[in-house]
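Open your viewer and get ready to click through a few stops with me. At each one I'll tell you what to select and what is there.

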Amino acid sequence: MKHHALAAAALALSSLTFTSLPVHAQAAPAAAAASAVDHKAVAQHYGALVYANYSDTLAAAKDMQAAIAEFVKAPSAEGMDKARKAWLAAREYYGQTEAFRFYGGPIDNDNGPEGQINAWPLDEAYVDYVEGKPDAGFVNNPKFKITKANLIKANERGGEENISAGWHAIEFLLWGQDLSETGPGNRSFEDYVPGKGKNAERRAQYLTVATDLLIDDLSKVARAWEPGKKNYRAQFEKGGRESVRKIIVGLGSLSRGELSGERMEVALNSQDQEDEHSCFSDNTHRDAATNAKGIQNVWLGEYLQRDGKLLKGPGVRDLVAAKNPALADKTSAQIAESVKGAEAIPAPFDRAIIKGSAGRPVMEKTIASLVEQSKLLVESASAVGIAKLTLVEP
C-alpha cells in the first residue's frame with residue numbers, strides 16, 4: 001500500500017482553513033526568532049505540540065463518534081449530514097498530525113496503529129456493497145462477526161487495499177461510492193433504516209465498531225505523547241540532536257515522499273479517482289492543505305489549537321536561524337508558499353487532476369514548492385549539525 005511502503009522505508013531509515021493564522025506566525029524573520037535555543041528545547045516543545053495536536057484530533061473524533069451514535073440510533077438525512085460534517089471537522093486536525101510520521105514514532109513503529117487509522121486506498125467492495133455488487137463486503141456477510149478484533153484481523157488481509165478500519169472505512173460508510181464528477185458520494189440514510197437498507201443493522205454496527213476502534217487507536221497514540229509519563233515522549237525529549245533528526249525526517253519525508261509524491265504526483269500522472277486520498281467525501285484538497293500546514297506548524301513551533309489558542313515555542317526554524325538566518329528565512333518562505341499552494345487546490349480533487357483543468361497547474365506549482373522545501377530541510381539539518389539525513393522518496 002502506498003503510504004505503508006513509505007512508512008516501512010522510513011522505519012528502515014530510522015471545512016475549515018488555517019490561513020487565518022497571524023502573518024507573523026507564518027513567516028517571522030529568522031533574525032527575530034534566533035535565540036539561545038538548543039536541540040533539547042526544540043525536542044521538548046515538539047512533544048508539547050504533538051500532544052496538543054493529537055489531543056485535538058481525539059476530541060474532534062469523539063464528537064464524530066457522538067454524532068454517529070445519534071445517527072445510527074435514529075437514521076435520518078439530517079443525522080447523516082451531522083455525522084459527515086463531524087468527520088470532516090475531525091480530519092482537519094488529523095491531517096496536521098501526518099507531520100509526526102516516518103521516523104518510527106508511536107504512530108508508525110512496528111506496533112503502531114497507522115495502518116488501522118489512515119490506510120488508503122480502500123477497496124470499497126471489501127467493506128460494503130458497490131455498484132453491480134449488492135452483496136459485497138463484510139456488511140453483507142452474516143458469517144463475519146463485526147468486532148474490533150475482527151476488523152483488526154481483516155485490515156489489509158490478502159491485499160493492501162483490503163482496508164477494513166480507520167478514517168476511510170468510516171468515510172465510505174458515511175458517503176458511499178463517489179460516482180459523481182461534480183461532488184462526493186451520495187449514500188442514502190435509508191441504508192441504515194431497518195427494513196429499507198439491506199443489512200441495515202449490520203451496517204450500523206460496522207460503522208459504530210469502526211469508529212470505536214479509531215478512538216482506541218487515536219487514544220493510544222495520544223497517550224504515548226502525554227506529559228509527565230514514562231512513555232515515548234519522555235524518551236524523545238531526552239534525545240537531543242537525534243530527536244531533531246527524527247523531526248526533520250518527518251517533515252522532509254511528508255514533503256517529498258508522501259504529500260508531493262504519493263498523494264499528488266501519482267494522482268496527476270494517473271488521473272484516476274482511485275489514487276485520491278479521501279475520495280468518497282471529496283475532501284482530498286483539505287488533506288493536502290492540512291498536511292502542508294502540519295509541516296509549517298512543526299517548523300515554526302506553532303500550532304493553532306482547537307480552543308483558538310496559539311501554542312508557541314522553539315521550533316526547528318529557531319534552531320536553524322541561530323546558525324544560518326538566511327537559510328531559515330528562505331525555508332520559512334518556501335514552506336509558506338507550499339501552504340498557500342495547497343490551500344488553493346480546488347475541489348473536487350478528482351477533477352483538478354484531469355489534463356486541461358484549471359486546478360492542475362495549481363497542483364503542479366504546489367508539488368514543485370514541496371520538492372524544493374524538502375531540499376531546504378536537508379540543508380537546514382546540516383546547518384544544525386545533522387549531516388546524515390535520508391528522506392523517504394516517492
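Select Asn199 to begin: Asn199 is partly exposed, with a relative accessible area of 26%. Here, buried means under 20% relative accessible area, exposed means over 50%, and partly exposed is in between, using a 1.4 Å probe and protein chains only. You'll find Asn199 in the loop between H8 and H9. Helices in this tour are DSSP runs of H or I with at least four residues (strands are E runs of at least two), numbered from the N terminus. Check the backbone too: phi of Asn199 is near 55°, a positive value in a residue other than glycine.

A quick note on what you're looking at: this is a predicted model, where local features need pLDDT of at least 70, side-chain atom pairs count only at pLDDT 80 or more, and totals for chains, interfaces and linings use all residues. Residues are numbered from 1 along each chain as its sequence is written, and side-chain values use heavy atoms, leaving out hydrogens and water.

Now select Phe102, in the loop between H5 and H6. Its phi is also positive, near 80°. Is Phe102 buried or exposed? Phe102 is buried, with a relative accessible area of 0%. Most residues other than glycine have a negative phi, and most peptide bonds are trans.

Select Trp120 and Pro121: a cis peptide bond joins them, with omega about -10°. Pro121 sits in the loop between H6 and helix H7 (148–154). Then jump to Ala347 and Pro348, also joined by a cis peptide bond, with omega about -5°. Pro348 lies in the loop between helix H14 (325–343) and helix H15 (349–352).

Next, colour helix H8 (residues 167–175) and helix H9 (residues 200–224). Their axes come within 9 Å and cross at roughly 150°. That makes H8 roughly antiparallel to H9. The axes are lines fitted to C-alpha atoms, for helices over the stretch in contact, and angles run from 0 to 180 degrees between N-to-C directions. Angles over 145 degrees count as roughly antiparallel, under 35 as roughly parallel, 65 to 115 as roughly perpendicular, and the rest as oblique.

Which residues of H8 meet H9? Show Trp167, Ile170, Leu173 and Leu174 in H8, which meet residues of H9 including Arg203, Tyr206 and Leu214. Contact means heavy atoms within 4.5 Å.

Stay on H8 and show its whole length: nine of its nine residues are buried. Those buried residues pack against H4, helix H5 (77–97), helix H6 (114–118) and H9.

Now click Tyr206. Apart from its neighbours within four places in sequence, Tyr206 is in contact with Val127, Phe138, Val139, Ile146, Leu151, Ser164 and Leu173. In the largest nonpolar core, which has 108 residues, Tyr206 is among those that touch the most other members, along with Tyr46, Phe100, Trp167, Ile170 and Trp225. Helix H4 (residues 39–73) gives the largest share of this core, 14 residues. A nonpolar core is a set of buried Ala, Val, Leu, Ile, Met, Phe, Trp, Tyr and Cys residues joined through side-chain atoms within 4.5 Å.

For the last stop, select Lys85 in helix H5. Lys85 is exposed, with a relative accessible area of 52%.
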